[in-house]
Amino acid sequence: MPAPGWIPRLVALDVDGTLLDPQTQTISTPVRAAVRRVAESGAHVVIATGRSMFGTVPVLAELGLGSGVALCSNGAVTLDAATGEALAVETFDPAPVHARLAALLPGAIFAAEQLGTGSLVTSPFREHQLHGPQRLTDLDELVSAPVPRLIANWEDREPHAVAEALAGVELPGCTTTIDHYEPWVTVVPDGVTKGSALEKLRTELGVAAEDTFAAGDGTNDVQMLAWAAHGVAMGQAPAEVHAAAIEVTGTVTEDGIVHALARWFG
């Protein structure tokens with residue numbers, strides 16, 4: 001645990017399963033108030049999410065975060081919270097990754113993020129799964145240009161089935177994470193994680209490594225929790241996420257993040 005008197009100066013927060021309850025698709029009033037207290041303290045609040053820009057901007061508005069940056073698409077996209085525009089983007093070639101995933105997850109549907117315009121999809125995703133406009137396309141167009149994020153959704157399967165199908169598999173030129181709510185895998189450029197993006201941001205902001213805090217619940221949060229001086233896993237998170245954290249708080253339905261932040265931000 002941190003030393004007495006310690007207060008984090010950079011607070012990184014996941015969205016789905018941490019701030020937002022996936023069952024209700026809402027952010028509770030206590031959670032909104034807790035995030036507002038952190039921002040008002042002068043600490044840097046950074047939303048770090050697997051969501052695209054389209055899915056992140058409404059969250060920033062709901063939380064009242066109108067300055068600084070957010071990290072979208074698991075760190076592949078850095079978003080200006082004031083303007084809603086991308087400040088930095090990392091991409092990869094989706095063609096070889098798609099070919100491998102299509103063979104491993106037969107029948108999966110795919111979504112390739114198109115920065116600022118939505119996603120190209122091989123079949124429609126549900127609205128809460130994929131935020132922003134969706135445009136149906138063929139495989140040639142889907143993999144024709146570099147993208148910041150590719151999603152494979154193995155519909156009508158359980159998340160553990162995706163994990164089993166991809167166990168021990170290395171995909172070319174990318175970083176992958178498997179969701180524990182939906183049966184899908186998210187692919188971003190090689191070496192890109194929430195943790196790597198936060199480390200770059202921490203350096204730019206001049207925040208000491210020992211003054212960082214992060215909270216999350218998914219496997220895409222493992223590197224972020226390990227990066228933070230004080231990493232907090234949500235109660236409902238898988239065991240590997242708990243193992244990456246220093247502290248485990250209550251579940252998202254219990255507003256666990258409120259209790260995790262209250263120690264320093266009332």
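Helices (H or I, at least four residues) and strands (E, at least two) are DSSP runs, numbered from the N terminus.

This is a predicted model: local features need pLDDT of at least 70, side-chain atom pairs count only at pLDDT 80 or more, and totals for chains, interfaces and linings use all residues. Residues are numbered from 1 along each chain as its sequence is written, and side-chain values use heavy atoms, with hydrogens and water left out.

Next I traced the strand order. It is β4-β1-β14-β15-β16, an open sheet of five strands with parallel pairing. Two strands pair if DSSP finds at least two bridges between them. β4 (44-47) and β16 (247-248) each have a single partner strand, so one side of each lacks a neighbour in the sheet. I checked β1 (residues 10-13) against β14 (residues 212-216): they pair in the parallel sense over four bridges. Val11 has Phe213 of β14 as its bridge partner.

**Cores**

I then searched for nonpolar cores, meaning sets of buried Ala, Val, Leu, Ile, Met, Phe, Trp, Tyr and Cys residues joined through side-chain atoms within 4.5 Å. Buried means under 20% relative accessible area, exposed over 50%, partly exposed in between (1.4 Å probe, protein chains only). The largest core has 38 residues, and Leu13, Ile47, Phe213 and Ile257 touch the most other members. α9 gives the largest share, six residues.

I listed the contacts (heavy atoms within 4.5 Å) of Ile257. Leaving aside neighbours within four places in sequence, they are Leu13, Thr18, Leu19, Val31, Ala215, Met234 and Thr249. A second, separate core holds 21 residues, including Phe110 and Leu142.

**Helix α5**

In α5 (residues 159-166), I found Pro159, Ala161, Val162 and Leu166 buried. They lie on the same side of α5, because their arc around the axis is only 160°; the arc is that of the directions from the helix axis to the C-beta atoms. The buried residues of α5 pack against α3 (94-104), β12 (174-178) and β13 (184-189). Gly168 follows α5 with a positive phi, near 75°.

**Cysteines**

Cys72 is buried at 0% relative accessibility. Cys174 is buried at 11%.
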